[in-house]
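Hello,

Here is the structure I promised to pass on. My notes on what turned up in it follow below.

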Amino acid sequence: MTTLTRAALVVVAVLLLLLALLWVFQRRLIYLPDSAPVPPAAEVVPGARDVTFTTADGLRLAAWYVPGTRGVTVLIAGGNGGNRRDRAPLARALSDRGFAVLLMDYRGYGGNPGTPTEEGLRQDALAARDHLGDSRVIYFGESLGAAVVTRLALERPPGGLVLRSPFTDLAAAGRANYPFLPVRTLLRDRFPVAEDIRRVRAPVVVVYGTRDTIVPPRLSRAVAEAAGERATTVEVAGAGHNDLVMLAGDEVVGAVADLAGRINQ
């Protein structure tokens with residue numbers, strides 16, 4: 001065996017090892033929970049209270065609920081990082097507009113038990129929605145949460161959907177961040193937003209920032225295109241994925257209020 005052949009075999013072996021490690025540990029790259037317990041709801045959001053609900057697979061999850069006066073509840077599903085405390089500014093802004101808010105945390109987030117997976121997040125969202133009973137509900141999904149609530153809309157149709165920085169599917173978002181990896185081949189969790197949104201009958205608002213480098217704007221626009229005539233878009237000029245304006249800025253909060261006005265007509 002020549003030196004060149006041995007070197008090539010070593011390179012191939014290293015690459016295969018790296019791919020195997022990525023396969024095993026990929027969810028640690030996808031889900032970035034802040035698992036620390038959060039303070040009582042009322043300490044963070046005025047008028048909020050702590051609530052719990054139980055998933056179909058037996059996990060008891062904690063969340064924050066804020067009563068409202070408008071007769072519409074906004075169910076907030078966050079992105080892949082942090083916990084519900086990070087979304088408190090959005091809950092406060094929506095509460096100021098009179099909306100009731102259920103700010104959920106997934107399994108593994110914010111002191112909740114369990115480990116996040118695509119199927120697990122689906123069960124978490126179902127339990128959160130069922131906790132609200134017969135309320136009129138708008139689903140608000142941030143990034144990965146946009147995928148979660150889009151799937152939820154197929155099983156529990158909402159009054160409307162606000163998708164903030166949605167991707168077409170997780171593989172497309174992964175390729176944007178890891179262009180050197182065979183992301184689509186490796187992924188276990190798929191989150192096919194564009195495919196699912198075609199079957200959602202509720203009105204949809206897609207909000208995205210023009211300088212988003214984590215979920216490129218073209219992916220969010222493609223989600224809106226897949227939704228067809230039921231979708232409207234809100235473009236936040238100059239905004240990146242994690243900018244404060246994309247959390248609780250006027251465009252984001254206004255998108256929820258405008259949608260609520262439409263579904264109440």
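The largest cavity holds about 50 Å³ of space, where a cavity is a set of points on a 1 Å grid over the protein atoms alone at which a 1.4 Å probe fits but cannot get out. Volumes here are the space filled by probe spheres set on the points, with grid points joined across faces, edges and corners. A search of the whole structure finds one cavity of 30 Å³ or more. Its lining residues, those with an atom within 4 Å of a point, include Arg84, Arg87, Asp105 and Tyr106. By class, four of the lining residues are nonpolar, four polar and three charged; Ala, Val, Leu, Ile, Met, Phe, Trp, Tyr, Cys and Pro count as nonpolar, Asp, Glu, Lys and Arg as charged, and the others, Gly among them, as polar.

Please keep in mind that this is a predicted model, in which local features need pLDDT of at least 70, side-chain atom pairs count only at pLDDT 80 or more, and totals for chains, interfaces and linings use all residues. Residues are numbered from 1 along each chain as its sequence is written, and side-chain values use heavy atoms, leaving out hydrogens and water.

The largest pocket has about 780 Å³ of space; a pocket is an open set of points with protein on both sides within 12 Å along at least five of seven lines. Of its 31 lining residues, Leu29, Ile30, Leu32, Asn80 and Ile214 are the closest to its centre. The lining divides into 16 nonpolar, 10 polar and five charged residues.

Now for the sheet. Eight strands form an open sheet in the order 2-3-6-4-7-8-9-10, with mixed pairing. Helices (H or I, at least four residues) and strands (E, at least two) are DSSP runs numbered from the N terminus, and two strands pair if DSSP finds at least two bridges between them. At the edges are strand 2 (49-54) and strand 10 (231-236), each pairing on one side only. Strand 7 (residues 136-142) and strand 8 (residues 160-164) pair in the parallel sense over five bridges, and phenylalanine 140 stands opposite valine 162 in strand 8.

Finally, the helices. Helix 4 (residues 118-131) and helix 5 (residues 144-155) pack at an angle of about 60°, their axes 9 Å apart. Axes are lines fitted to C-alpha atoms, for helices over the stretch in contact, and angles run from 0 to 180 degrees between N-to-C directions.

Best wishes
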